[in-house]
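Take a moment to turn the model around on your screen before reading on.

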Amino acid sequence: MVLNIDTGVWKIDSGYRELAKMAETENTGIRIGSNGPIYDQLMEDKLISQVSDEAKLEEFNLLILETSEKCNLRCRYCFESATNCGENMSCETAVKAFEKFISLEKCSTSVCVEFNGGEALLNYNMISKAVPQILHIAEKAGKKVGFTVQTNGTLLTAEMIAFFKAYKFSVGLSLDGVGEFNDNRIYADGRSTFDEVVNNIQLLKESGIRYSTISVIHRKGQFKSVKDLLAFTGCNQFRANLISAIGRGKEVLADTISMEEIAKEYVAFCKQMLQDRQYYEANAMYYFLSLLLFHPFMCYKEPCGAGMNQLFVVPNGNIYLCQESCFIDKGCIGNVNMQNIDIEKNIQEDAWFQTMRNRQTTLVEECRNCPWKKFCCSCPCRVYSETGGVSEKSMLCEFYKHVYSEFIWMIHNDTEAVMNFLQSSF
Ligand code: SF4
Ligand code: SF4
Ligand code: SF4
């Protein structure tokens with residue numbers, strides 16, 4: 001295997017053609033950048049078309065609405081430090097945010113609206129009122145819109161599930177594992193949330209709705225527990241997110257194992273996942289696609305998609321470049337209630353937007369000679385919250401190094417299993 005660390009080009013034996021075809025399917029939302037390691041060959045083979053140009057990578061396609069700042073839980077690692085204080089978003093603000101979003105010059109024809117929090121379902125009434133209005137506005141504007149809701153999974157009711165099913169939502173619930181591994185996800189009185197969330201997963205499963213789980217990885221041995229959880233609940237789509245040093249996460253992170261140890265467990269888990277073919281971890285798909293097709297998704301490219309692919313709106317109508325930038329109180333580029341606001345101009349003139357765009361791994365001292373610098377996906381907000389600046393390497397460095405060095409060999413040694421995994425993930 002040969003890897004050019006300055007271009008990210010590396011040689012792969014076989015299999016890339018099928019992978020490229022899959023990555024271009026319409027419903028994945030993944031497109032190929034024009035500087036990928038295999039781009040020229042794919043063009044020559046006529047396996048990719050003009051759809052895969054850079055302009056498409058810069059379209060807005062995700063609007064995240066912070067539906068409620070409040071939460072009924074007190075997770076020990078909560079990066080929002082959520083409590084029962086805070087505001088709910090009004091239906092009027094949600095609808096205005098959507099109108100402004102689809103009026104952006106660079107808005108895609110197909111967009112996703114995500115309701116999250118705090119705990120989004122504390123403000124379910126707003127969701128149920130806003131969604132039909134948003135659909136009506138989208139139809140008039142000739143836009144396709146899909147919906148997703150992220151919830152801690154404790155407040156779901158049969159009525160909500162019926163509504164989400166009717167409007168084709170995808171539902172994401174949070175659960176970290178079984179037993180002690182879920183101990184950080186607690187109510188204000190310290191009780192575990194496990195039983196309620198598992199019961200609600202069963203209701204979702206019976207309804208036939210599209211759902212997945214998110215696990216925050218913070219402890220040694222957790223991937224085994226996540227696997228047990230998937231078997232126990234029958235859920236087969238999930239995402240493993242590494243704990244972040246934002247908000248209450250700072251204290252819990254200090255007690256965790258090293259990123260290299262977590263990476264080793266993650267890689268072992270992924271190798272088993274390729275063999276078992278029964279469950280799918282979403283970030284693995286992006287690590288594979290980053291190696292194969294170069295930065296296919298907003299958090300896996302440089303500069304990232306904050307203020308280019310997504311916007312985040314909080315209950316009072318303030319607009320941020322990304323949810324992560326809101327938690328470090330940067331990148332507020334206006335309010336949806338402002339008359340004649342020029343969002344795209346404000347983004348370009350925003351100091352934090354420019355800082356994020358200028359953060360490149362090739363300019364970071366410790367990254368300059370790293371073999372993985374063309375693939376490494378360090379979130380600038382996360383780096384800022386960890387180091388107080390953006391010119392340092394990420395605290396996840398050891399994780400990325402191990403994951404990319406192993407994933408590249410997984411592609412090389414077991415192309416068919418990787419192809420099967422990617423096909424099933426889409
Ligand atoms: S459910 Fe989410 S928002 Fe609520 S306390 Fe836990 S991590 Fe924070
Ligand atoms: S700021 Fe971080 S979370 Fe937001 S789009 Fe960029 S990489 Fe992703
Ligand atoms: S953060 Fe680490 S893995 Fe990423 S480019 Fe820098 S040195 Fe390499």
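Let's say that a residue is near a molecule or strand if its C-beta atom, placed from the backbone, lies within 6 Å of it. This is a predicted model, where local features need pLDDT of at least 70 and side-chain atom pairs count only at pLDDT 80 or more, while totals for chains, interfaces and linings use all residues. Residues are numbered from 1 along each chain as its sequence is written, and chains are lettered from A and ligands numbered from 1 in the order in which they are written.

Start with ligand 3. Of the 13 residues around it, the nearest are C367, C370, C376, K393 and C397.

Now find ligand 2. The residues surrounding ligand 2 include M298, C299, C304, C322, C379 and C381. Two elements, α12 (323-327) and α15 (380-387), each give two or more residues to this shell; helices (H or I, at least four residues) and strands (E, at least two) are DSSP runs, numbered from the N terminus. The class count for ligand 2 is eight nonpolar, two polar and one charged. Around ligand 1 you'll meet C71, C75, C78, G117, G118 and N152, among others. Its shell has five nonpolar, three polar and three charged residues.

Next comes the sheet. It is open, has ten strands and mixed pairing, and its order is β7-β6-β5-β4-β3-β2-β1-β8-β9-β10; two strands pair if DSSP finds at least two bridges between them. At the edges stand β7 (280-281) and β10 (332-335), each with a single partner strand, so one side of each has no neighbour in the sheet.

Which strand pairs with β2 (residues 107-117) over six bridges? That's β3 (residues 144-151), and the two run parallel. One bridge in this pair links V111 to V145 in β3. Between these strands sits helix α5 (residues 124-141), and β2, α5 and β3 make a right-handed β-α-β unit. Right-handed here means that, with the strands pointing away from the viewer, the path from the first strand over the helix to the second runs clockwise. The chain then crosses from β3 through helix α6 (residues 158-166) to β4, again in a right-handed β-α-β crossover. β3 and β4 (residues 170-174) are parallel, with four bridges, and T151 stands opposite L173 in β4.

The loop between β3 and α6 holds T157. Is T157 buried or exposed? A residue is buried if 20 or more other C-beta atoms lie within 10 Å of its own, exposed if 12 or fewer, and partly exposed in between, with C-beta atoms placed from the backbone. T157 has 12 C-beta neighbours inside 10 Å, so it counts as exposed. T157 and L204 are 47 residues apart in sequence, and their C-alpha atoms are 9.8 Å apart in space.

Keep going along the sheet. β4 and β5 pair in the parallel sense over five bridges, and G172 has S212 in β5 as its bridge partner. β4, helix α7 (residues 194-207) and β5 make a right-handed β-α-β unit. From β5 the chain crosses through helix α8 (residues 222-233) to β6, and this crossover is right-handed. β5 (residues 210-217) and β6 (residues 237-242) run parallel, joined by five bridges.

Methods:
Ala, Val, Leu, Ile, Met, Phe, Trp, Tyr, Cys and Pro count as nonpolar, Asp, Glu, Lys and Arg as charged, and the others, Gly among them, as polar.
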